[in-house]
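Try each task before reading its solution.

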Amino acid sequence: MRHRQILDKLAARGLVQALDEELARWVREQMAYPVSSYAELERAVIPPILVRWRCLLDADDASPATKHVAWVALATLLHKYGFRDDAITSMALAAVDELNRHVVLSDAFERQSPAVKSLLRSTPAPLTRRPRLPRNVTFLRPGDVLSIELSGRFHAAYVRDLHGINEFPVIEFYTGTFAQPPTPAQLESRDAARGHGRARFGVVGMTCLPDPAGQVRAIAAQHRQAPHGADPLPGRGLWQLTDILNLQRDLRRLFGGADR
């Protein structure tokens with residue numbers, strides 16, 4: 001049983017592709033830094049991925065079948081890139097049983113479930129080279145307004161521009177955090193989270209809406225009112241380059257984890 005065979009049988013092409021590309025980009029970045037062991041690399045890779053995808057895995061509005069598929073996809077793709085987490089593997093093994101119990105996938109998946117479980121339980125082979133970098137592309141458009149979830153809190157951002165030929169969006173965060181995705185009315189005449197462009201980020205890997213991970217949601221389209229705030233100061237840069245996983249770190253720095 002190969003990883004691709006398992007992933008194909010999950011019948012969730014968009015989710016699998018998004019997660020696969022995120023892991024490839026993230027693992028590639030982490031492998032560029034010196035580490036003392038593969039276990040240290042594993043500790044750098046898994047937590048940010050899990051935080052982002054828990055927006056789907058813990059969502060009240062996601063179906064159990066979707067969550068089960070996501071757990072299996074996550075464990076399988078981590079294994080493909082040379083990593084294994086006991087808690088994730090346990091959830092994936094239970095998810096295989098639930099998918100079969102509710103006859104969600106094909107008969108072939110059920111017949112090959114023992115082989116699926118055997119692969120997930122096995123020790124993965126560590127990568128010997130950095131993964132290939134996925135193509136940068138986004139389907140967002142200037143004027144889109146987004147809600148971005150992090151650890152149960154929601155942040156609002158405005159798509160100011162696109163970099164390159166639809167490579168990635170340049171967004172700016174509104175001030176404040178919310179207990180649920182904010183409405184356009186709540187953002188009316190709201191300031192930027194920081195002045196002089198310091199809340200603007202070019203986010204590589206912010207590709208699709210709806211976001212397969214459930215972390216990024218659309219609030220409005222073709223919105224005319226960007227966050228209020230002074231333009232960047234000369235020589236300070238127009239925006240900060242980041243990616244969909246490092247954005248979690250950027251949000252903590254920007255908002256400090258406090259309600260505002």
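The exercises below concern a predicted model.

**Exercise 1. Cavities**

Find how many cavities of 30 Å³ or more the structure holds, and state the volume of the largest.

Solution. 
- Step 1: count them. The structure holds two cavities of 30 Å³ or more.
- Step 2: take the largest cavity. Its volume is about 40 Å³.
- Step 3: list its lining. The residues are E22, R25, W26, D243, I244 and L245.
- Step 4: sort them by class. Three are nonpolar, three are charged and none is polar.
- Step 5: look for the main contributor. Helix α2 gives the largest share of this lining, three residues.

**Exercise 2. The second cavity**

Describe the lining of the second largest cavity.

Solution. 
- Step 1: note the volume. The second largest cavity holds about 30 Å³ of space.
- Step 2: name the lining. L99, N100, V103, V104, L105, S106, D107 and E110 form it.
- Step 3: assign elements. Those giving two or more residues are α5 (86-101) and α6 (107-111).
- Step 4: sort by class. This lining has four nonpolar, two polar and two charged residues.

**Exercise 3. The surface**

Decide whether L241 and Q17 are buried, partly exposed or exposed.

Solution. 
- Step 1: locate L241. This residue lies in strand β6 (residues 240-243).
- Step 2: apply the cut-off. Exposed means over 50% relative accessible area. L241 has 54%, so L241 is exposed.
- Step 3: look around L241. L238, W239 and L241 form a nonpolar surface patch, with about 320 Å² of accessible area together.
- Step 4: turn to Q17, in helix α2 (residues 13-31). Its relative accessible area is 41%, so Q17 is partly exposed.
- Step 5: compare positions. Q17 and P212 are 195 residues apart in sequence, and 9.4 Å apart in space, C-alpha to C-alpha.

Note on methods: Residues are numbered from 1 along each chain as its sequence is written. This is a predicted model: local features need pLDDT of at least 70, side-chain atom pairs count only at pLDDT 80 or more; totals for chains, interfaces and linings use all residues. Side-chain values use heavy atoms; hydrogens and water are left out. Patches are made of residues with over 30% relative accessible area and no salt bridge: like charges are joined within 9 Å, nonpolar side chains (Val, Leu, Ile, Met, Phe, Trp, Tyr) within 5 Å. Accessible areas come from the Shrake-Rupley method with a 1.4 Å probe; for residues, only the protein chains shown count as cover. A salt bridge is a side-chain nitrogen of Lys or Arg within 4 Å of a carboxyl oxygen of Asp or Glu. Helices (H or I, at least four residues) and strands (E, at least two) are DSSP runs, numbered from the N terminus. Buried means under 20% relative accessible area, exposed over 50%, partly exposed in between (1.4 Å probe, protein chains only). On a 1 Å grid over the protein atoms alone, a cavity is a set of points where a 1.4 Å probe fits but cannot get out, and a pocket is an open set with protein on both sides within 12 Å along at least five of seven lines; lining residues have an atom within 4 Å of a point. Grid points are joined across faces, edges and corners, and a volume is the space filled by probe spheres set on the points. Ala, Val, Leu, Ile, Met, Phe, Trp, Tyr, Cys and Pro count as nonpolar, Asp, Glu, Lys and Arg as charged, and the others, Gly among them, as polar.
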